[in-house]
Amino acid sequence: MKLIKSISSLIYKPLTIIINQSLTTGIFPDELKIAKVLPLYKKDDDTNLNNYRPISLLPVPSKIFDKVVYLQVYEYFNTNKLFYICQHGFREKHSTETAILEFIDRIMNLLDNDEIPLSVFIDLSKAFDTLDHKILLHKLQFYGFDNISLLWFQNYLTNRQQYVQVDDFTSHLQPICTGVPQGSILGPLLFIIYVNDIHYASNIFKLTMYADDTTLLAPLSVLICNIKSDNICSDYLNRELDKIHNWFSVNKLSQNVTKTKYMIFHFPQRKIDSKSTVIMNNIEVKNVTEFNCLRVTSVIH
């Protein structure tokens with residue numbers, strides 16, 4: 001990148017022509033679709049492959065293509081107010097802080113109105129890697145992308161390859177059939193577009209999102225059968241949760257229900273005895289009194 005910047009005054013005209021040709025023909029160069037993956041050691045046993053994080057490095061020129069398209073797509077969604085308002089990931093003037101503040105504000109508003117908030121923390125497995133290209137293209141078409149734009153994105157996403165390099169050793173090229181390009185500028189934006197319509201899955205839960213981190217929140221008064229006993233109406237609650245889970249399934253995103261948890265918030269003076277079972281995908285969701293959400297730990301005493 002330093003080299004390209006140092007000669008930018010010499011190459012910007014031909015580079016502009018190449019990028020414009022790409023956008024008008026819908027063709028993204030295959031040479032820019034090859035990723036080099038470097039395994040980064042995290043901790044513990046260095047012979048266990050699970051203790052390494054794969055870092056994907058893309059050709060530098062591909063990032064220039066990415067940035068040009070990113071700016072146009074982001075401006076289109078932002079200007080037309082197409083982004084889900086409670087999506088805080090990879091958006092200007094949004095962050096984990098704004099997501100947490102929104103979540104806390106919703107809880108406090110419910111508590112101030114004498115409601116009892118129930119929150120479900122959704123866990124997804126490798127969401128960025130399992131995104132389905134056909135579904136993404138269908139959603140882009142729904143949001144108004146024309147045929148040339150769809151052709152460009154189809155070309156951009158398909159026929160990608162990667163190889164692993166460890167020291168001086170490299171593996172053979174392997175195809176990448178799903179997911180957004182790791183290490184790309186455009187990838188995170190495409191992902192939040194992909195999950196942009198999830199809030200339509202339930203009429204009860206309000207969602208706070210940061211990319212693939214999804215938190216559901218609803219007052220117990222909407223979900224209980226007997227307000228006096230403060231017990232959750234399992235059937236009604238579980239049907240709503242199944243709608244969320246079905247959305248993930250239809251969109252080919254893998255929800256890890258065993259790591260999905262739920263909490264019930266209340267003032268210390270009010271004791272809640274929840275005897276009902278919360279279930280998603282026929283698996284019981286564990287009730288917890290402490291959970292780390294976006295690096296902020298919620299604790300119920």
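Mentor: A pocket is an open set of grid points where a 1.4 Å probe fits, with protein on both sides within 12 Å along at least five of seven lines. Keep in mind that this is a predicted model. Its largest pocket holds about 1300 Å³ of space.

Trainee: What makes a residue part of the lining of the largest pocket, and which lie nearest its centre?

Mentor: A lining residue has an atom within 4 Å of a point. The lining of the largest pocket has 37 residues, and nearest the centre are Arg 53, Pro 54, Lys 126, Asp 129 and Gln 182. Strand 2 gives the largest share, 5 residues.

Trainee: How does the lining divide into nonpolar, polar and charged residues?

Mentor: There are 20 nonpolar, 10 polar and 7 charged residues in that lining.

Trainee: Why are strand 1 and strand 2 said to pair?

Mentor: Pairing requires at least two bridges. Strand 1 and strand 2 have 6, so they pair, in the antiparallel sense. One of the bridges puts Leu 40 with Arg 53 in strand 2.

Trainee: How do you know that strand 1 also pairs with strand 4?

Mentor: The cut-off is again at least two bridges. Strand 1 and strand 4 are joined by 4, therefore they count as paired, and they run parallel. Lys 36 has Tyr 163 in strand 4 as its bridge partner.

Terms used: Residues numbered from 1 in each chain as written. Predicted model: local features only at pLDDT ≥ 70, side-chain atom pairs only at ≥ 80, totals over all residues. Heavy atoms only, no water. Helix = DSSP H or I, 4+ residues; strand = E, 2+ residues; numbered from the N terminus. 1 Å grid on protein atoms, 1.4 Å probe; cavity = no way out; pocket = protein on both sides within 12 Å on 5 of 7 lines; lining within 4 Å. Points joined across faces, edges and corners; volume = space filled by probe spheres on them. Nonpolar A, V, L, I, M, F, W, Y, C, P; charged D, E, K, R; others polar.
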